[in-house]
Amino acid sequence: MAFKPQTLTPYLSARHYFGAEQRRHRESAGLSLVQLAGIVNSSKSTLARVETAELMPPPDLPDRLDAAFGADKHFHGLYELAKREAHPDQYRRFMDFEAQAEVIENYEPQVIPGLLQTKEYAQAQLSLQEELTREKAEELVNARMSRHGRLREAQPPLYWAIIDESVLRRQMGSRECTYKQLARLLEQVDTPDSKVQVMPFSAGPHYLMGGALTLLTLHSGSTVAYEEGIEVGHLYEDRDLVKRWRRRYEALRANALPPAASAELIRDAMEDYKPCDTPPS
């Protein structure tokens with residue numbers, strides 16, 4: 001029996017349209033999935049799942065498709081729309097603001113901030129959500145990795161992260177995974193575009209210890225706040241409410257370790273996860 005490609009539904013969502021456009025361009029170019037996979041350095045199965053919208057396109061695929069087909073950022077634009085669909089509705093407006101922000105400041109009490117996570121760390125964290133299918137978890141990981149591009153732009157936002165010491169002490173995934181994640185974090189502690197501070201156990205309790213907080217300062221000078229708990233998040237745009245969150249964040253920043261001392265604490269934590277064959281530092 002001859003193979004019949006699965007019928008696509010391009011107008012169901014941006015992700016479905018991305019897949020349908022990939023197939024349209026591929027067939028117009030007279031390419032099989034195997035041939036296209038060789039051109040864009042992907043796998044046949046990945047491209048097949050992208051075409052049928054079973055998989056969120058990997059972050060590096062859109063630009064490679066644009067280059068392969070001479071599509072002038074066509075797939076890049078579709079991906080920017082599609083990646084928003086990987087998140088709950090309550091989070092999408094926050095993502096829009098994040099994409100526009102000149103300054104991103106956040107506090108995380110339990111995990112490495114998403115913008116600084118390695119792919120392996122993100123996979124380990126999302127694997128804790130038992131209700132996620134493997135495909136959905138992979139989709140969320142790819143969406144999270146795509147956000148990293150914000151920090152690699154020609155003119156990136158200033159990114160300021162405060163993390164609780166417990167983040168450093170809790171192993172996520174394998175020892176190697178945690179070690180590499182802390183090494184990645186260390187690289188961002190004190191650069192022209194990023195600062196990382198650790199809130200040490202010795203500082204005692206504080207107001208924000210129960211949830212994560214992100215402040216986004218936009219080109220207009222206005223700021224929005226996003227407070228996130230275990231299951232729900234809330235976006236604050238009212239000026240007076242945002243001021244309250246700003247004061248709480250500034251109190252946290254004042255009590256956190258400065259970047260140099262934070263780097264030392266991160267190095268100390270890395271010793272607990274150092275692979276046996278790693279030479280002494």
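**Salt bridges and nonpolar cores**

The side chains of Arg64 and Asp60 form a salt bridge, at 3.3 Å from N to O; the term covers a side-chain nitrogen of Lys or Arg within 4 Å of a carboxyl oxygen of Asp or Glu. This is a predicted model, in which local features need pLDDT of at least 70, side-chain atom pairs count only at pLDDT 80 or more, and totals for chains, interfaces and linings use all residues. Residues are numbered from 1 along each chain as its sequence is written, and side-chain values use heavy atoms, with hydrogens and water left out.

Salt bridges
- The count comes to 23 salt bridges.
- Arg64 is partly exposed at 33% relative accessibility, and Asp60 is partly exposed at 40% (buried is under 20% relative accessible area, exposed over 50%, partly exposed in between; 1.4 Å probe, protein chains only).
- Glu51 and Arg23 also pair through their side chains, at 3.1 Å from N to O.
- Glu51 is buried at 2% relative accessibility, and Arg23 is buried at 13%.
- A network of salt bridges links Glu105, Arg246, Glu250 and Arg253.

Nonpolar cores
- The largest nonpolar core has 36 residues, and Leu168, Leu182, Leu185 and Ile266 have the most contacts inside it; such a core is a set of buried Ala, Val, Leu, Ile, Met, Phe, Trp, Tyr and Cys residues joined through side-chain atoms within 4.5 Å.
- Beyond its neighbours within four places in sequence, Leu182 is in contact (heavy atoms within 4.5 Å) with residues including Ile112, Leu168 and Ile266.
- Apart from this core lies another, of 19 residues, among them Ala14, Leu31, Leu33 and Val50.
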